[in-house]
Amino acid sequence: MSGTVDARLAELGLTLPEVVPPLATYQPAVRSGVYVYTAGQLPMVKGSLPVTGKVGAEVSAEQAKELAATCALNALAAVKSLIGDLDKIARVVKVVGFVASAPDFTGQPGVLNGASELLGEVLGDKGVHARSAVGVAVLPLDAPVEVEIQVELTPDA
């Protein structure tokens, strides 16, 4: 089913990827009542990470911001795999992002703007959310960034 969110994705030149298979024992997304929670999404593109390393060292903040947008796109794919139609999203409630950071890197919020901006571009006002941006020592597969989202669904979802 193609709705307004799918049309907006196409207008932006974006395609939802296949859902990234779990790296361990978990589900990419789960539903509880009117909420869908995604697992942490890495910036996987066609099954692999385009870049690895720490932000502020091997990876620039600008590269990491683009990777955060990829994570958000992967999170939307996980949500869609569960609910079938992204137009059933009433709003994005919360975004949590983790940035594998060099010891002196303090620009985690700017990196996570990549995810926040993508969600806003795709979902409009429904993409406005609360957010946490956390610097960490290392992420799975040496990914520079990881993003998880929580969405509220429309009553008819």
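Which residues have the most contacts inside the largest nonpolar core? The views below start there. This is a predicted model, so local features need pLDDT of at least 70 and side-chain atom pairs count only at pLDDT 80 or more, while totals for chains, interfaces and linings use all residues. Residues are numbered from 1 along each chain as its sequence is written, and side-chain values use heavy atoms, with hydrogens and water left out.

**View 1. The largest nonpolar core, with its 37 residues.** L76, V111, V145 and I149 are the ones with the most contacts inside this core. A nonpolar core here is a set of buried Ala, Val, Leu, Ile, Met, Phe, Trp, Tyr and Cys residues joined through side-chain atoms within 4.5 Å. Buried means under 20% relative accessible area, exposed means over 50%, and partly exposed is in between (1.4 Å probe, protein chains only). At least two core residues come from each of α1 (4-11), α2 (61-83), β3 (89-100), α3 (108-123) and β5 (145-153). The top giver is α2, with twelve residues. Those helix and strand names come from DSSP runs (H or I, at least four residues, for helices; E, at least two, for strands), numbered from the N terminus. Nonpolar side chains in soluble globular proteins tend to be buried together.

**View 2. V145 and its surroundings.** Contact means heavy atoms within 4.5 Å. Apart from the core of View 1 lies another core, of seven residues, with M44, A100, L139 and A143 among them.

**View 3. β3 pairs with β5 and with β4.** With β5, the pairing of β3 is antiparallel and runs over nine bridges; here V96 has E148 as its bridge partner. With β4 (residues 130-136), β3 pairs in the parallel sense over seven bridges, and V99 stands opposite G135. From β3 the chain crosses through α3 to β4, making a right-handed β-α-β crossover. Two strands pair if DSSP finds at least two bridges between them. Right-handed means that, with the strands pointing away from the viewer, the path from the first strand over the helix to the second runs clockwise.

**View 4. V134, a residue of strand β4.** Is V134 buried or partly exposed? Its relative accessible area is 32%, so V134 counts as partly exposed. Leaving out neighbours within four places in sequence, V134 is in contact with G97, F98, V99 and Q108. T4 is 130 residues away from V134 along the chain, and their C-alpha atoms are separated by 32 Å.

**View 5. D142, in the loop between β4 and β5.** D142 is partly exposed because its relative accessibility is 29%. Beyond its neighbours within four places in sequence, D142 is in contact with T52, G53 and K54.

**View 6. The structure's one aromatic pair.** Y35 and Y37 make up this pair, with 6.4 Å from centre to centre and 45° between the planes, which is a tilted arrangement. Rings of Phe, Tyr and Trp (its six-membered ring) pair if their centres lie within 6.5 Å; planes under 30 degrees apart count as stacked, over 60 as edge-to-face and the rest as tilted. Y35 is partly exposed at 28% relative accessibility, and Y37 is partly exposed at 35%.
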